[in-house]
Amino acid sequence: DLEHPLDNEIYPELSPLLQAMDEQNKAKDAVANMRKEFSANVSHELKTPLTSISGYAEIMKNGMVRPQDIPNFSERIYKEARRLITLVEDIIKLSRLDEESVELEKEDVDLYALSREVVSRLSPQAGAKNVQIMIEGESVTYHGIRQILDEMIYNVCENAVKYNVSGGQVSVWAGNTLEGPKVSVSDTGIGIPKEHQERIFERFYRVDKSHSKERGGTGLGLSIVKHGALLHGARVTVDSEPGKGTRIEIKF
Ligand code: ADP
């Protein structure tokens, strides 16, 4: 009963996701609205880069591009295609959280070691932005789904780099507390205005759409974090001040 045929054709894994949304929500009208909105959002988000790609390609195909402009056109096509790949990957990650996650094996994961790995994976990106990223803490074992924990920590740390300023810092802390294991990520970036802080975990929600797109954002990163947290019975808190920075904590 999808309203947008595009969803099923391009992205067959969308249906289980919409179904899962149904089960979770008791209020039928609310669900219907959310489905409509999500489905419309997905269509829009997929169509925008596809339209650009086919537009640029068509002009090139028709020989309407001056030879000196070809590198520029190819670059745009490449960028839009990369964008689509990231988007589809994020949608798949999100739908997997609703669907298959039950089948994924839980194992003992050292959250500190995992956070270190994430930090080192993000180092080149941070370096390119002149952002310093560092990690402190101590080994702490948590029984969870490694791949999902990895995605959660990665998304929070990546945002701390992406929404930072040149010369800024990202401090990651992972370890045990009296309340249990915790991963905390603080940045000295642009911050999030109070009225947006609740909503950033919604699918496709961005405080500043063009700002996010410029940085390769899909608007799905934090909803993956939220769903991963739900699955693990973890809590995510946000504490932020515009112009000063943001701290996001995952409490397991
Ligand atoms: P995106 O792909 O746009 O980064 P996310 O779901 O990861 O999507 O985040 C949603 C929005 O929350 C972002 O577009 C950005 O506006 C805001 N945001 C997330 N993390 C931070 C941060 N550390 N500092 C400032 N803004 C942030």
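In this predicted model, residue V185 stands opposite I248, a residue of strand β7. The two strands concerned are β5, which spans residues 180-187, and β7, which spans residues 245-251, and they pair with each other in the antiparallel sense over 6 bridges. This pair belongs to an open sheet of 5 strands, in which the order is β2-β4-β5-β7-β6 and the pairing is mixed. The edges of the sheet are formed by β2 (132-137) and β6 (235-241), and because each of these has a single partner strand, one side of each is left without a neighbour in the sheet. From one strand to the next, the twist averages 10°.

A helix is also placed against part of this sheet. Helix α5, made up of residues 111-128, lies across β2, β4 (169-177) and β5, and its direction runs at about 170° to that of β2.

The model also contains a ligand, which is surrounded by 20 residues, the closest being Y163, S212, T218, G219 and L222. One of these, T218, places a backbone N or O atom 2.7 Å from an oxygen atom of the ligand, while K162 has a polar side-chain atom that lies 3.0 Å from an oxygen atom of the ligand. A nitrogen atom of the ligand, in turn, lies 3.5 Å from a polar side-chain atom of T246. Of the 530 Å² of accessible area that the ligand has on its own, the protein covers 97%.

Technical notes: Residues are numbered from 1 along each chain as its sequence is written. This is a predicted model: local features need pLDDT of at least 70, side-chain atom pairs count only at pLDDT 80 or more; totals for chains, interfaces and linings use all residues. Side-chain values use heavy atoms; hydrogens and water are left out. Two strands pair if DSSP finds at least two bridges between them. Helices (H or I, at least four residues) and strands (E, at least two) are DSSP runs, numbered from the N terminus. Axes are lines fitted to C-alpha atoms, for helices over the stretch in contact, and angles run from 0 to 180 degrees between N-to-C directions. Contact means heavy atoms within 4.5 Å. A residue is near a molecule or strand if one of its heavy atoms lies within 4 Å of it. A polar contact is a pair of N or O atoms within 3.5 Å; within protein, one must be able to donate a hydrogen and the other to accept it, and residues adjacent in sequence count only if both atoms are side-chain atoms. Accessible areas come from the Shrake-Rupley method with a 1.4 Å probe; for residues, only the protein chains shown count as cover.
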